[in-house]
Amino acid sequence: MFLFYGFGFAQVVEIESKKDQDYLLEIKKELNVKWPNNRTINIVFHGHSVPSGYFKTPVVNTLSSYPYQVLRKIKEEYPHAVVNSIITAIGGENSVKGAERFENEVLNLNPDVLFIDYGLNDRKIGLKKAKRAWEYMIESALKNDILVILLTPSPDSRVDYSNPENKLWQHANQIRKLAETYNIELVDSYKAFEFLYSKKKKLKKYMAQVNHPNEKGHELITKEIMKHFN
């Protein structure tokens, strides 16, 4: 049971977690169903500029961004599946703004799986506001039987990674704790890029600009996401 905080209201709701040893087991079964018994699977990516596909602003390289890389990989793994990769992300947005439009622009799409990626931009609003917004989105999705997977932030080359508790790490750690609290899955993008943090020149090879991964960087995120579908 969780105390469900809307924007302007609060109520107690019963949320039954579906987390087990294979969080996406039922979805993977659905992805393997062949015509004429299959159905369309909706995978929604909610967040900021990175899942939106922004590379070097204002260029949007949609087909090389991780939501579409994931779609290609899923189709390789499940050739009989009908899958929609739906991006509800908006460049420059933080989780508070994402929560405000969550009901009308995300839940109405009836996601089977929902990915949330706001860590980079949430540094501007702080941990407390971000936590409440993430909790609202997670609880809203779980109440509607949607499988939720959280993403920790991808890199920003301006961050002082020599400080083990830099602001980006703080948000990454909060997101990890939210995944644990709600017993849902995590894609730890922050950790996936960790081998590059002490080598800024090498990190730049994975970045289109200071805060946007290039195709190679999106591949690292895709690899982490696909661990949940394999």
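**Exercise 1: Salt bridges**

The count of salt bridges comes to twelve, where a salt bridge is a side-chain nitrogen of Lys or Arg within 4 Å of a carboxyl oxygen of Asp or Glu. The model is predicted: local features need pLDDT of at least 70, side-chain atom pairs count only at pLDDT 80 or more, and totals for chains, interfaces and linings use all residues. Residues are numbered from 1 along each chain as its sequence is written, and side-chain values use heavy atoms, with hydrogens and water left out.

Task: Determine which parts of the chain the salt bridge between Arg-123 and Asp-156 ties together.

Solution. 
1. The two side chains meet at 3.0 Å, N to O.
2. Arg-123 lies in the loop between strand S5 (113-117) and helix H6 (126-143), and Asp-156 in the loop between strand S6 (147-151) and helix H7 (167-181), so the pair ties together parts that are 33 residues apart in sequence. Helices (H or I, at least four residues) and strands (E, at least two) are DSSP runs, numbered from the N terminus.
3. Arg-123 is partly exposed, with a relative accessible area of 23%, whereas Asp-156 is buried at 2%. Buried means under 20% relative accessible area, exposed over 50%, and partly exposed in between (1.4 Å probe, protein chains only).

**Exercise 2: The chain as a whole**

Task: Compare the radius of gyration of the chain with that of a compact globule of 230 residues.

Solution. 
1. The radius is taken over C-alpha atoms, and the globule rule is 2.2 Å times the number of residues to the power 0.38.
2. For 230 residues the rule gives a value near 17 Å; the chain has 17 Å, which agrees.
3. Along the principal axes, the C-alpha atoms fill a box of roughly 50 × 45 × 35 Å.
4. The chain contains ten helices and nine strands, and buried residues make up 53% of its 230 residues.
5. Of the contacts (heavy atoms within 4.5 Å) between residues at least 6 apart in sequence, 74% join residues at least 24 apart.
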